[in-house]
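Subject: Structure handover

Hello,

Here is the structure I promised to pass on to you. My notes on what turned up in it follow below the model.

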Amino acid sequence: MLRTRIAVSVAAAAAGLAVLTACSGAETAQPVIAPAAAGGTGGGQIANGQVGNAAPASNESKLVVADVASVGQVLTDQNGMTLYRFDKDTAKPPKSNCDGDCAKAWPPMLATGDVQVQGVDKSLVGKVTRSDGTEQITVGGWALYRYAKDTKAGDATGQGVGGAWYAANAKGGKAGQAAAEAGVVKLSASKIDGLGDAIVDQNGMTLYLFTKDTKKAKTSACNGDCAKTWPAVLSNNGKVELQGIDSKLLGSIKRADGTEQVTIGGWPVYTFSKDLKPGDANGMGVNGTWFVIEPNGCKVGTTPSSTANQAPADSGAGSSNSGAGGTTY
């Protein structure tokens, strides 16, 4: 079937929210848990603070592509620490503009001999001479740094700091920033194995609704640590491109931090930090409050067409997840 791609202004679509698809039993249906998808992609998957591949000696320079929760695929060093790039640097020509106190907060990744790579195109790797004469590793021309407040492998607390620091991807670009750089958010109708119809974002990641939110809510009930585990889908400049989703279901809300979150069928939508690749739906049924959202704006399992496609319940998958500080969401 031919699908139509629709570019819609979120502000203009908000007026159409009165036309919402009825979701049978949307507030009372019991969760159906999909089997957890295994593994991730890239040079090494980070889980529980460990890199999937053994770390080399600490004095060896190595670049590894790894999956980091809430950010996606990023560059890490030989110890699994996330590497960052600085918007105030330049790539053509390569130049670091982080010295003094800046370099204490963002220690540069210095070259120690030949740089080893895993999952990185060697031709993109280079070096730039810093103001103190040391050589800093670059990828795609961008100088790489660690963040002093990251304390263990898998941390990415420097992401977005000051609107200028971002985890670097395998090409030296900004990890997790593909949508922002493209200037548009894209939501598409898709299918998830074992669950059926679902909405995915421009990176193919599954979207969810939170039943502690309400339809036509003016703000989100998921903030702070909750929002780290369940990142909100934000509109970029008020534009969202839809494929296979009725534009009348599109809307937005203002979050507590002032950002604008996309809604479908009145529900604010989110991704899940523990989904590591397209097709993952590890957040389905978490705590009985998080559900994959269908293209009609309903949670999976509340319409007759989707019920027949459900997989048998698996109580061992997605029963609970903890956010930062030990709070469960």
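Before the details, one term: buried means under 20% relative accessible area, exposed means over 50%, and partly exposed lies in between, using a 1.4 Å probe and protein chains only. Helices (H or I, at least four residues) and strands (E, at least two) are DSSP runs, numbered from the N terminus. Please keep in mind that this is a predicted model, where local features need pLDDT of at least 70, side-chain atom pairs count only at pLDDT 80 or more, and totals for chains, interfaces and linings use all residues. Residues are numbered from 1 along each chain as its sequence is written, and side-chain values use heavy atoms, with hydrogens and water left out.

Let me start with strand β19, residues 260-264. Of its 5 residues, 4 are buried, so β19 is largely enclosed by the rest of the structure. β19 belongs to an open sheet of 3 strands, ordered β18-β19-β20 and paired antiparallel. Two strands count as paired if DSSP finds at least two bridges between them. β18 (250-254) and β20 (267-268) are the edge strands, each pairing on one side only.

On one side, 5 bridges join β18 and β19 in the antiparallel sense, and I253 has Q261 in β19 as its bridge partner. These two strands make a hairpin with 5 residues between them, and G258 in the turn has a positive phi of about 90 degrees. β19 and β20 pair over 2 bridges, also in the antiparallel sense, with I264 standing opposite W267 in β20. They too form a hairpin, with 2 residues between them; here G265 in the turn has a positive phi of about 60 degrees.

There is another open sheet of 3 strands, in the order β10-β11-β12, with antiparallel pairing. Its edge strands are β10 (125-129) and β12 (142-143), each pairing on one side only. β10 runs antiparallel to β11 (residues 135-139), to which 5 bridges join it. K127 has I137 in β11 as its bridge partner.

Now for the cores. A nonpolar core is a set of buried Ala, Val, Leu, Ile, Met, Phe, Trp, Tyr and Cys residues joined through side-chain atoms within 4.5 Å. The largest one has 33 residues, and those with the most contacts inside it are L187, W230, I264, W290, V292 and I293. At least two residues of this core come from each of β14 (185-192), β15 (196-200), β16 (208-210), β17 (239-243), β19 and β21 (290-292). Another core, of 16 residues, lies apart from it and includes V71, Y84, C98 and A156.

On to the aromatics. Rings of Phe, Tyr and Trp (its six-membered ring) pair if their centres lie within 6.5 Å; planes under 30 degrees apart count as stacked, over 60 as edge-to-face and the rest as tilted. The structure holds 12 aromatic pairs. In one of them, the rings of Y84 and W106 have centres 5.4 Å apart and planes at 80 degrees, so the pair is edge-to-face. This pair links distant parts of the chain: Y84 is in strand β6 (residues 84-86) and W106 in the loop between α2 (101-105) and β9 (116-118), 22 residues apart. Y84 is buried, with a relative accessible area of 0%, and W106 is buried at 5%.

The rings of F210 and W290 have centres 4.0 Å apart and planes at 10 degrees, so this pair is stacked. Here too, distant parts of the chain are linked: F210 in strand β16 and W290 in strand β21 are 80 residues apart. F210 counts as buried at 4% relative accessibility, and W290 is buried at 0%. Ring pairs also link Y84, F86, W106, Y145, Y147 and W165 into a cluster.

Two charges are worth a look as well. A charge sits over a ring if NZ of Lys or CZ of Arg is within 6 Å of the ring centre and within 35 degrees of the ring normal. The charged end of R85 lies over the ring of W142, 3.7 Å from its centre, and that of K299 sits over the ring of F291, 4.1 Å from its centre.

Finally, T289 lies in the loop between β20 and β21 and counts as buried at 13% relative accessibility. Leaving aside neighbours within four places in sequence, T289 is in contact (heavy atoms within 4.5 Å) with L209, F210, T211 and K212.

Best wishes
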